[in-house]
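Here's a quick briefing to read alongside the model.

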Amino acid sequence: MIEGRIKAAFESGVFVLKLCGDVRLTLCATLDAEAQRLAELPGLRAVMVDLREATNVDSTALGFLAKVALAVQGRLEHPPTIVAEHPDVRRMLDVMGFARYFTLLEAPLTEPAELAELPHVETDESGIQERILEAHRILMHMSDHNRHEFQPLVELLESQHVKASSSH
């Protein structure tokens, strides 16, 4: 399994986020930082997420992809686009209800000239736990299927989070 990496480019109003390899919760702080940056990026006209080189995207990373869509909701003429060729990745996006928030394609409309690797945003264990919780809450709001799927996990994480907070 190839370790996950995230690349990005912003060119002529189009922001491209490319996820490569095995994208897991260890990259959620980086994805979160990009979602927050996109919410305030001036001149933004379109967002494209390229998953063609992603071999796996865990649910936490998916939650932050959903956060990207929510961050730009109402700011763009068209919903963000996700390019995914891998049948498993595509099926997961369909099951999770991503088609309601993204346009799903199998090939990009245009390739950006150059994608720069994003610096890994470091976070501690409690930061990761908070982001896992946030990601799954976002996913739960996307569809009834997700609500049913992630409710037990979110309740478990919330109970652990409360315990951790009260022990400080």
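**Pocket, strands and a loop**

The second largest pocket has a volume of about 190 Å³. This is a predicted model, so to speak of local features we ask for pLDDT of at least 70, and side-chain atom pairs count only at pLDDT 80 or more, while totals for chains, interfaces and linings use all residues. Residues are numbered from 1 along each chain as its sequence is written, and side-chain values use heavy atoms, with hydrogens and water left out.

**The pocket**
- Its lining is made up of 15 residues, and Glu3, Gly4, Arg5, Leu27 and His120 lie nearest the centre.
- Sorted by class, that lining holds 6 nonpolar, 4 polar and 5 charged residues, with Gly counted as polar.

**The strands**
- Strands E2 (residues 14-23) and E3 (residues 46-57) run parallel and are joined by 9 bridges; pairing takes at least two DSSP bridges.
- Leu17 sits opposite Val49 in E3.
- Between E2 and E3 the chain passes through helix H1 (residues 28-40), in a right-handed β-α-β crossover (clockwise from first strand over helix to second, with the strands pointing away from the viewer).
- E3 also runs parallel to strand E4 (residues 81-83), with 3 bridges joining them.
- Asp50 has Val83 in E4 as its bridge partner.
- From E3 the chain crosses through helix H2 (residues 59-72) to E4, and this β-α-β crossover is right-handed.

**The loop residue**
- Pro42 is in the loop between H1 and E3.
- Pro42 counts as exposed because its relative accessibility is 63%, and exposed means over 50% (1.4 Å probe, protein chains only).

Technical notes:
Helices (H or I, at least four residues) and strands (E, at least two) are DSSP runs, numbered from the N terminus. On a 1 Å grid over the protein atoms alone, a cavity is a set of points where a 1.4 Å probe fits but cannot get out, and a pocket is an open set with protein on both sides within 12 Å along at least five of seven lines; lining residues have an atom within 4 Å of a point. Grid points are joined across faces, edges and corners, and a volume is the space filled by probe spheres set on the points. Buried means under 20% relative accessible area, exposed over 50%, partly exposed in between (1.4 Å probe, protein chains only).
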